[in-house]
Amino acid sequence: MIGKKERFLPYLYIAPAVVLMIFLTLLPNIYSLYIAFTNYSLYHFQHYDFVGLRNFVKVFSGSELQEFMSVFAWTMVWALASVFGMVLIGLLLAFPLNNRYLKGKDFYRTMFVIPWAIPAFITVLMWQGILNSDLGAVNVLLMGLYKIPIFHGLFGMLDGMTVFFYNIFHGMHIDFIANLLNGFHNFLAGFNGKIPWLDNGNWARVSVLIVNIWLGFPFMMSIIIGALQAIPSELYEAASVDGATPTTQFFAITVPLLRSAMLPVIISSFAFNFNQFGSIYLLTAGGPTVMGRTAGQTDILVTYSYKLAFNMFRFGLACAYAVFIFIIIASLSSVNFKLTGAFDD
Amino acid sequence: MSHVVLKDVRRFFGDVEAVKSVNLEINKGEFFSLLGPSGCGKTTTLRLIGGFEQPSSGEIFICGEKVNGKPPYKRLVNTVFQNYALFPHMNVYDNVAFGLVQKNVPKETIKQKVSDILELVRLSGFEKRRIQQMSGGQQQRVALARALVNEPEVLLLDEPLGALDQKLRKSMQVELKQLQEKLGITFILVTHDQEEALSMSDRIAVMNEGRIEQVGKPYEIYEHPKTRFVADFIGVSNFLKVSVKDITSDIINLNLGGIHLKARKNGVPCKAGDELEVSIRPERLWLSRKPDNRADNVLKGAIADVRFLGDVFHYDVRLNGNVHILVSRQNLVFQEDESNFAPLAEGDDIFLHCMPESLKLVKT
Ligand SMILES: Nc1ncnc2c1ncn2[C@@H]1O[C@H](COP(=O)(O)OP(=O)(O)OP(=O)(O)O)[C@@H](O)[C@H]1O
Ligand SMILES: [Mg+2]
């Protein structure tokens, strides 16, 4: 017989957490969902009205559609490239670190995990300094190198080759590659060792990706090392008895088992980076800005929605964006729960 | 020449000598067991035969061919691993077919062979099942099928039944033995379960601390343990410290703290005046309230403790000089000497008897 007290106790234990969640998460979210259906903004600050789906219609029409499309496209590229970069570097480091003949594993592992251990905002602010166009360590180094004749000559040669290939592709009317090469030539011709890491739109996108991948690869590496170690060595022995070569073993055992272990992590990492506010806001604040646009060139959906709310005071529209983000993340999570069976009893 | 031969094989791991000068000759078609306590080097010996480890010194022959330095797949050997080592991301068919696919056997042949072997291990119809959807016993049989489909001359099994529960283990023991008899393949089984080794094997090698203590048929190992370790590890034995009085043509006269005992010679060397140990099984002693003159050895004692185990009674009998002996008696309906026997209780005076054959001199 379970007594009254035993039945009541579990509720008592979770009560503080539930109360906090209701006031700090659930109610604000419901409130912002409500705001998404109002015209709450700087102009309707005290008296705002229910406007139905107007904010959502606005997102998908007129000039706002342009903003939305470019921000959404970059958000997808950003999240995909971040995860891809983290997994790639994680894999490249995990395999040697898992090799039993490597000496001093612990030292290397500790070293590679440091970016993860330092608070992210400190790392991002450090990178902001490192990537400063005039005084940042990277550009100071590059400008120093550029003064050395050999490197100077090297850049000249590279530019010569670019022009050479540009002429070939231009002659063949393959415009896509020709344009790319032309851009590269323009960069090289104007190059003096100074790269506008945070001031030029494309470079800024490269920079935020580098910093974000820097922040995220240690986690991926640790997960991959764990997944590799979870594969029993007997599986490889069993395969070797049957005459499987190391290459076959890699593709028949390591790859499929790693893939099934990594898939849920990759999906949640995508969702996490989709909403990775800190890396972007602290490094570029979404900039550089574009004339006549609210969204900067590195703005992703969350940072853009933040701007709409707290720079433009268009709370209704910002909340419509938030709802849209929520739908995307929620569907990703549900896919993930299905994959991992997290809701199975 | 025997089917599998180990000559003076040693294996070091750093300073640890896991296998110390092992010599073995295993015959074709034999069910051979390596039996010993944890850490005695059974797995290492098996892995040396399988080619997963190379000996530090010594030679290994399989089917008359020296295999030192050869990788596992170049030996006529296959292995069933302790945890089955089935590929979790493949179904039953792909697991079993794996080895044949590596050898580029034609698809049709693979299909035929896999279905034959699955029938042999009674898993027909399970081809498309995922490994996680199979029970422990079924996984065990998939592992067997995966090894047997490659038609090895020798099958190595490292504690293949270790993960199964008691009941299933018993039935798999029977199945495994029948399979081996049907196929006529040499089986080398590693186990620390003496009952398993005794019931399944043609011959057993008892290992201890990297050495082979004794090789023999199950009956021999149990009845004629050569060393104290074997007598102690296999079954239950009482050990008595004795000194040798004299030796006649086939009887050794012993002195156990003033009591005279007769033992049959069993090949263990000894001479008058030696201090050594004899072992005796609890079931080879019989008890009565009055001395039984049919016995050559009669000892006087008192019951110190009675333990009832259902099918047997265990009596802890104290002899003179505070020597304790464990005696077991079947819980039968008809005892030879019923009136005499009626419930023995703690403190009862009692006589212990045994035949000279039952007293075994052991090397320590
Ligand atoms: N790869 C290794 N490196 C170092 N020492 C090892 C290695 N493999 C085994 N040993 C040592 O060799 C000894 C014998 O090990 P082995 O695995 O052969 O024992 P076992 O008889 O199979 O024991 P168990 O019944 O517990 O499986 C042990 O002391 C073990 O610690
Ligand atoms: Mg073992």
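Which side chain meets that of B:Glu53 in a salt bridge? I looked this up first, keeping in mind that the model is predicted. The partner is B:Arg11, and the N to O distance in this salt bridge is 3.4 Å. I then checked where the two residues sit: B:Glu53 is in the loop between helix 1 (42-50) and strand 4 (57-62) of chain B, while B:Arg11 belongs to strand 1 (residues 4-13) of that chain, so the pair ties together parts that are 42 residues apart in sequence. I also noted that both B:Glu53 and B:Arg11 are buried.

**Entry on other salt bridges**

I searched the whole structure and found 25 salt bridges over all chains. One that I followed up joins B:Glu151 to B:Lys113, with the closest N and O atoms 3.5 Å apart. B:Glu151 lies in the loop between helix 4 and strand 7 (154-158) of chain B, and B:Lys113 lies in helix 3 of chain B, so this pair ties together parts that are 38 residues apart in sequence. I count B:Glu151 as exposed because its relative accessibility is 56%, where the cut-off for exposed is over 50%. B:Lys113, with a relative accessible area of 28%, is partly exposed.

I looked next at B:Arg228 and B:Glu277, whose side chains meet in a salt bridge at 2.6 Å, N to O. This pair links distant parts of the chain, 49 residues apart, since B:Arg228 is in helix 8 (residues 228-233) and B:Glu277 in strand 14 (residues 275-280) of chain B. B:Arg228 is partly exposed at a relative accessible area of 29%, whereas B:Glu277 is buried at 9%.

**Entry on the interface**

I turned to the place where the two chains touch, and found that the contact takes 21 residues from chain B and 15 residues from chain A. Together the chains bury about 1,500 Å² between them, and 65% of this is on carbon and sulfur atoms. How many salt bridges does the rule find across the interface of chain B and chain A? It finds one, and I see A:Glu237 forming a salt bridge with B:Arg47, their closest N and O atoms being 2.7 Å apart. I also counted three residue pairs in polar contact between the chains, both residues being at pLDDT 80 or more. On the side of chain B that touches chain A, the elements giving two or more residues are strand 6 (77-80) and helix 2.

**Entry on helix 2 of chain B**

Why is helix 2 (residues 92-102) of chain B described as largely enclosed by the rest of the structure? Nine of its eleven residues are buried, so the description follows from that count. Among the buried residues I listed B:Tyr93, B:Phe98 and B:Leu100. Their cover includes helix 10 (233-241) and helix 11 (246-274) of chain A, together with helix 3 (107-120) and helix 4 (136-148) of chain B. Just after the helix, B:Asn104 takes a positive phi of about 55 degrees.

**Entry on a surface patch**

Finally, I noted a nonpolar surface patch of about 1,300 Å² on chain A, made by residues including A:Tyr11, A:Phe23 and A:Ile30. A:Ile30 is found in helix 1 (residues 4-35) of chain A, and with a relative accessible area of 48% I recorded A:Ile30 as partly exposed.

Key
Residues are numbered from 1 along each chain as its sequence is written. Chains are lettered from A and ligands numbered from 1 in the order in which they are written. This is a predicted model: local features need pLDDT of at least 70, side-chain atom pairs count only at pLDDT 80 or more; totals for chains, interfaces and linings use all residues. Side-chain values use heavy atoms; hydrogens and water are left out. Patches are made of residues with over 30% relative accessible area and no salt bridge: like charges are joined within 9 Å, nonpolar side chains (Val, Leu, Ile, Met, Phe, Trp, Tyr) within 5 Å. Accessible areas come from the Shrake-Rupley method with a 1.4 Å probe; for residues, only the protein chains shown count as cover. A salt bridge is a side-chain nitrogen of Lys or Arg within 4 Å of a carboxyl oxygen of Asp or Glu. Helices (H or I, at least four residues) and strands (E, at least two) are DSSP runs, numbered from the N terminus. Buried means under 20% relative accessible area, exposed over 50%, partly exposed in between (1.4 Å probe, protein chains only). Contact means heavy atoms within 4.5 Å. Buried area is the accessible area (1.4 Å probe) that two parts lose on being put together, summed over both. A polar contact is a pair of N or O atoms within 3.5 Å; within protein, one must be able to donate a hydrogen and the other to accept it, and residues adjacent in sequence count only if both atoms are side-chain atoms.
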